[in-house]
Amino acid sequence: MKMRVLLTSILFLSASVLYAQKHLPGSCATKLADLMSKDKMDTTKPRGMADNYYLWDPGATVSVKFMPGGSQSLRNEVINYAKLWEQYANIKFKFVPDNAAVTNIRVKLTDNDGAWSTIGTQCNDVSQSEHTLNLDTVDFKQRAGAAYWRATVVHEFGHSLGLMHEQSYPGGIKWNLPVVYNYYLNHSDWDSAMIYSQVLKVNDEFYTNGTAYDSKSIMQYWVRKEFTLDGVAIDENLELSNGDKILISALYPKAGTRIMEVPRITVTSPVLKVQQNKLRDGIAIYPTFNLKSNSKLGAVYFIARLVDENNYYIPTTAEKYNLNGYVASYSRAIILPNSNVNYNTTGAKANLELFIPYSYIPLSNDAKVRVEFYMILSDDVNKQYKEVGSRYYTQLFNISK
Ligand SMILES: [Zn+2]
């Protein structure tokens, strides 16, 4: 399959973005009584879905600023609603002036583009000139009303703390797929792929953090009874559920340690140096960057892949220098707990090289290519693989065999 790189949206290639759902007047209210009786049967275990690899450190201060726009009273509402999480989570949202040069989270109050947020620490991979959290105040406040507006802001800041949609809980909802697709195709500007990723995607059991499904979570979309095969409907959840409070305080504990800590790493944006080595008959790639890890043992794959001048990966059938059918080179490194490693520091001996022999590049001499570099964290204990950082690209250069 021919696979194209979207260089125009490099920053969004790896960072996942999740939306809030638009308000629908009068939806699902009839099923509320059924749900409440069900809720009583739930266990008291913490529940919910979180991406543990993109959680902030417990006790972290996360800086937030507003992009230009939004009245002071709207901004004050956002600040107050975001800070609801601080009652239960050992985390601090520090709202800083608009002219702050560097922040973790950037909020845009606008009249379009829905309500969405980048997940947890993936915010750090978004350019400082872009926002990480969008709030359409026309759709989600003026039209939907104060209660839904408040719930939407809380929901989006839940994503910014690493929470995922509760409907992604494995087996949580028995969807009637044609009805769901048909509804969203007609009532939103989402295509099938977006409907899948925002509504229908089911995450690995691992991300439940050992919890039960929580239909009352503020991270759960409302669901019409027509959407499900068993006729179960879910009303709009306007408040943090007990499950939300228990989960967020287990992920960001005010005392003791986090449940299910996993290896987490942070990387700086690399500078990529490419050397065409006639003696060794190939291309050597040297990324320069810093990597820090938390207290868990992990491993990282460093991957360099070639991209042609039309932004397509280069197909190969060779046994080596082949990653999923495309010309690439990769290297795996064990990352010890609490590491702080500089790769390819100027003046020091190179400690990370990715090499691709010319004989494995099925292109003519003088063909124009660029190198794509990215990293995948490997949590061998839990058998999870997560892309970290962004994807980085060199300028085009000519292959000179
Ligand atoms: Zn959402």
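Modeller: Two strands count as paired if DSSP finds at least two bridges between them. Strands (E, at least two residues) and helices (H or I, at least four) are DSSP runs, numbered from the N terminus. This is a predicted model, where local features need pLDDT of at least 70, side-chain atom pairs count only at pLDDT 80 or more, and totals for chains, interfaces and linings use all residues. Residues are numbered from 1 along each chain as its sequence is written, and side-chain values use heavy atoms, with hydrogens and water left out.

Biologist: Which residue of β3 is the bridge partner of T61?

Modeller: K92 is the partner of T61.

Biologist: How do you know that β2 and β3 pair?

Modeller: Four bridges join β2 to β3, and the definition asks for at least two, so they pair. The two strands run parallel.

Biologist: What order do the six strands of the open sheet take?

Modeller: The order is β1-β5-β6-β4-β2-β3, with mixed pairing.

Biologist: Why is one side of β1 and of β3 left without a neighbour in the sheet?

Modeller: Both stand at the edges with a single partner strand each, so one side of each has no neighbour there.

Biologist: Which residues of helix α3 are called buried?

Modeller: L74, R75, V78, I79, Y81 and A82 of α3 (residues 72-82) are buried, which means under 20% relative accessible area (1.4 Å probe, protein chains only).

Biologist: What covers the buried residues of α3?

Modeller: The cover includes β2, β3, β4, β6, α4 and α5; contact means heavy atoms within 4.5 Å.

Methods. Buried < 20%, exposed > 50% of the residue type's maximum accessible area, 1.4 Å probe, protein only.
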